[in-house]
Every structure is written in structure tokens, then in C-alpha cells.
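Reader: I would like to go through this model with you, asking at each step what a label rests on. Please set each value against its cut-off before you conclude.

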Amino acid sequence: MLKRKFHNINQGISAGYEENKADYKYYKIPKNINTKNQINMTSKTLFITAVIAGTLSTATSCSYFESGKNLEKGTPMESSKTAVQKILADKETNEGKRFSITGYLNYSAGMTVYVDRPQSVYVNTAPGDDGETITPIELKWAENGNNSVFVPEDAGRGSDKTIFYDNEGKPLTTNDKVEVSFEVDKASIYPVKIRVDKVK
């Protein structure tokens, strides 16, 4: 049987030559290539990259809640979606400044609540599911916390079952009118460093 030299095994097989141990010496496989090790290294690199990205994302989100109780009230502004979006759009000018709007908090828990993550809460123009949304904000999940949101396990779903906590840790419902103070940050599309106070 006539044998030829090929650069790799697949090239030999595609040319119609039988693959067997006796023919292996005719195939030149580069010694510095180890496919299995390459795959393992690639998988490890992707895994480490994902872990680092997730850690940085969590750290950034959590940093907004570290000193929430000590944050100052913001300067009152128009409580409308258009006005808030205008403030968020001009981050260069408004970064570090504090603003405040008034409205009603609304939160609908999903089927699964990840309590170690910020929760998306909406500031609406009217209680419950009525009215228009002024802006979404993020509050930490905590029972008896400060500037936080919580739903008791046995309460069922719905905004009327949700407990919000203001800056002093006092419980609020979706029917309570509140003042929400916040800042803007280049790293977030939402208002950050939230402080909640009940409007008296």
C-alpha cells in the first residue's frame, strides 16, 4: 500500500487513507499543540473573567447602599418622568448633586426573589398600580431596614402586601406619599444613593 506523509491525521483521513496505528508515523502532529489543555485553559479563563465581572457589578451596586441612612435630602424638583430623565441624561453637570421627587412606591415581586441583589422599585404618581411611573429606583431587600423593601413570605404577591422602610426604618405602604432623594452616577442608568422619607 502506497503511503504518503500528511501534516495531520484529518488530512490523511480526508484523502481516503485508512486510519490505523501503523500509519501514525506518517502523520506529523506538532508536539507543541495540546488541544485538551488549550480547551481547559480557555474554559478557566472565561470562568475567571465571568466571576470578576460579576463581583465588580455586585460591588458597584452594593456601594450605593452602604451609608443610605446618613444621606441628605435632595433639592426638590418637578416630579415627572421627563424632568427625571433630563437630570439623568446630563450626568456631567449633575453628578454628585442631590435631588428629590415625591410620589408613591410600587414593587411587584417576581416568582423568584434574589434577596442579595438590589430590587427594582417604581416611583409612581399615584398609589398602587395606578398613575404613571416617574422613575424606577433600586432599593436593598431588608426587613426592618433603612431605605429598603420587603415582602413577608406568607403575605402573598402584590404591591399591597409590600413593606417599604423609610430613612428612619419606619414601615410604609404603597399608599403612603413619599419624598425620594437621589443622585446620578455615570455607572448607573438609575437614580442612586436613595433616601426615602414620608411626606407629612
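This is a predicted model: local features need pLDDT of at least 70, side-chain atom pairs count only at pLDDT 80 or more; totals for chains, interfaces and linings use all residues.

Reader: Why is Ser 188 called buried?

Author: Its relative accessibility is 9%, and buried means under 20%, so Ser 188 counts as buried.

Reader: How do you know that Glu 179 and Lys 73 form a salt bridge, and what does the pair tie together?

Author: The closest N and O atoms of Glu 179 and Lys 73 are 3.8 Å apart, and the cut-off for a salt bridge is 4 Å, so the pair is counted as one. Because Glu 179 belongs to strand β8 while Lys 73 is in the loop between α2 and β1, the pair ties together parts that are 106 residues apart in sequence.

Reader: Which label does each of these two partners receive, buried, partly exposed or exposed?

Author: Glu 179 has a relative accessible area of 15% and is therefore buried, whereas Lys 73, with 46%, is partly exposed, since that label covers values between the 20% limit for buried and the 50% limit for exposed.

Reader: What makes Lys 198 and Asp 176 a salt bridge?

Author: Their side chains meet at 3.6 Å, N to O, which is again set against the limit of 4 Å. Lys 198 is in strand β9 and Asp 176 in the loop between β7 and β8, so this bridge joins parts that are 22 residues apart in sequence. Lys 198, at 45% relative accessibility, counts as partly exposed, while Asp 176, at 16%, is buried.

Reader: Which other residues take part in salt bridges?

Author: The structure holds six salt bridges, and among them is the one between the side chains of Arg 195 and Asp 197, at 2.7 Å from N to O; Arg 195 and Asp 197 are both buried. Glu 92, Glu 95 and Lys 186 are linked in a network of salt bridges.

Reader: How do you know that the buried residues of helix α3 lie on the same side?

Author: The buried residues of α3 are Ala 83, Val 84, Ile 87 and Leu 88. They cover an arc of only 135 degrees around the axis, which puts them on the same side of the helix. In general, an α-helix has 3.6 residues a turn, so residues three or four places apart point the same way. The face turned away from the buried side of α3 carries the exposed residues Thr 82, Lys 86 and Ala 89, and the cover over the buried residues includes α4, β2, β4 and β8.

Reader: What makes Asn 144 stand apart, and why is Asn 144 called exposed?

Author: Asn 144 has a positive phi of about 55 degrees although it is not a glycine, and its place is the loop between β4 and β5.

Technical notes. Residues are numbered from 1 along each chain as its sequence is written. Side-chain values use heavy atoms; hydrogens and water are left out. Buried means under 20% relative accessible area, exposed over 50%, partly exposed in between (1.4 Å probe, protein chains only). Helices (H or I, at least four residues) and strands (E, at least two) are DSSP runs, numbered from the N terminus. The arc is that of the directions from the helix axis to the C-beta atoms. Contact means heavy atoms within 4.5 Å.
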